[in-house]
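Open the model in your viewer and keep the sequence panel beside it. Each stop below says what to select and what is there.

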Amino acid sequence: MNAVLLNANDTATASAPTAGSPLDASVSTRAEAGRADAVRVRHLNKHFGDLEVLRDISFGVGRGEIVALLGASGCGKSTLLNIVSGLESADNGDLEINGQPAARFRDWRKLGYLFQEDRLLPWRTVRENVALGLEAQNVPRAERQRRAMAALEMVGLAGFAQAWPHQLSGGMRSRAALARSLVIEPDILLMDEPFSKLDPQTRTQMHEELLRIQAMKNATILFVTHDVEEAVVLADRIVLLEPRPGRVREIAKVPLARPRLATDRDVAEQTRLLRLKVSQ
């Protein structure tokens with residue numbers, strides 16, 4: 001089994017990134033610093049039958065970095081994320097995870113996947129849902145319970161361990177799903193628009209929670225979004241995709257210090273400039 005899953009549907013591709021982005025576009029050069037990227041994609045292509053969905057995709061994600069895959073619907077974002085997770089295979093091209101070719105990579109348990117839907121099982125308590133991924137790894141019951149409680153503590157849900165999913169608000173369900181992804185202690189967290197169905201206030205809270213945990217764990221995050229503001233608030237760099245077939249239009253660094261609030265003038269300006277590119 002590949003990435004520890006607890007969905008994804010979409011389509012993308014890569015040509016050489018362009019220079020002169022309003023967000024300081026630049027091709028990643030972290031590999032030159034002497035250590036392998038957590039994720040490295042080179043010249044990746046994908047078809048579904050006669051439909052070309054990804055063309056010549058290339059980008060990297062450094063260890064401890066947050067990278068957004070941003071683009072309009074139909075540009076292949078989720079398909080690309082699924083290929084990185086091992087759920088889908090590319091037609092050709094290279095994929096490396098932690099410096100190893102994906103074909104030889106074996107520690108898929110170190111990849112967590114947070115989906116659009118929380119996918120909590122209604123017949124299991126919150127703690128039992130969080131511990132689900134550990135069951136697949138044959139972790140002893142006492143250790144599962146301990147790690148599940150630690151993950152719930154991390155996301156602020158320790159007091160709801162024995163609650164049922166239907167008793168949680170939308171934001172709490174998202175926190176529980178995040179805890180389920182974190183309990184396996186992933187090196188790399190993949191996320192497919194997990195906060196897209198939340199109201200703006202709850203989504204902002206989840207952004208803050210995610211960044212807090214990422215800073216604590218120095219986790220690598222690769223996430224899909226069509227929300228330009230979300231990309232600017234969360235990401236260190238943004239891979240901007242254009243559709244039909246999916247291609248990398250450019251790779252842009254977000255030159256803003258954290259924390260970033262959507263109401264801040266600089267964040268609003270970066271969002272405006274990037275939104276113009278997405279709509280072109």
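**Whole chain**

This is a predicted model, in which local features need pLDDT of at least 70, side-chain atom pairs count only at pLDDT 80 or more, and totals for chains, interfaces and linings use all residues. Residues are numbered from 1 along each chain as its sequence is written, and side-chain values use heavy atoms, with hydrogens and water left out.

Select the protein chain. Its secondary structure comes to eight helices and 11 strands; these are DSSP runs numbered from the N terminus, with helices being H or I of at least four residues and strands E of at least two. Of the 280 residues, 53% are buried (under 20% relative accessible area, with a 1.4 Å probe and protein chains only). The accessible surface of the chain is about 12,600 Å², and carbon and sulfur atoms hold 49% of that (Shrake-Rupley method, 1.4 Å probe).

**Confidence**

Colour the chain by pLDDT, the predictor's confidence in each residue, from 0 to 100. The chain average is 86, and 87% of the residues score at least 70. Among the elements, β4 has the highest mean pLDDT (97) and strand β1 (residues 4–5) the lowest (44). Select residues 4–22: pLDDT is below 50 there, and the stretch has 96 contacts in the model beyond near neighbours in sequence (a contact means heavy atoms within 4.5 Å). Residues 24–34 also stay under 50, with 24 contacts beyond four places in sequence. Where pLDDT is low, the predicted coordinates should not be read in detail.

**The four-stranded sheet**

Next, show the open sheet with the order β3-β2-β5-β6 and antiparallel pairing (two strands pair if DSSP finds at least two bridges between them). Its edge strands are β3 (51–61) and β6, each pairing on one side only.

Select β2 (residues 39–48) and β5 (residues 92–97): five bridges join these antiparallel strands. One place to look is N45, whose bridge partner in β5 is N92.

I97 has Q100 as its bridge partner, and E96 stands opposite P101. Which residue takes a positive phi in the hairpin of β5 and β6? N98 does, near 50°, and the hairpin has two residues between the strands.

**A parallel pair**

Move to β7 (residues 111–114). L111 and Y113 point one way, G112 and L114 the other, and all are buried. Four bridges join β7 to β8, and the two strands run parallel. Find L114 and look across to M191 in β8, which stands opposite.

**Helix α6**

Finally, select α6 (residues 200–217). Its 18 residues should span 26 Å, and the end C-alpha atoms are 26 Å apart, so the two values agree (the expected span is 1.5 Å times one less than the number of residues).

At the N-terminal end, D199 is the cap: one of its side-chain oxygens lies 3.2 Å from the backbone nitrogen of Q201. Just after the helix, N218 takes a positive phi of about 55°. The buried residues of α6 include M206, L210 and I213. What do the buried residues of α6 pack against? Among the elements there are β4 (66–70), α4 (141–154) and β9 (220–225).

Notes
Buried means under 20% relative accessible area, exposed over 50%, partly exposed in between (1.4 Å probe, protein chains only). A polar contact is a pair of N or O atoms within 3.5 Å; within protein, one must be able to donate a hydrogen and the other to accept it, and residues adjacent in sequence count only if both atoms are side-chain atoms.
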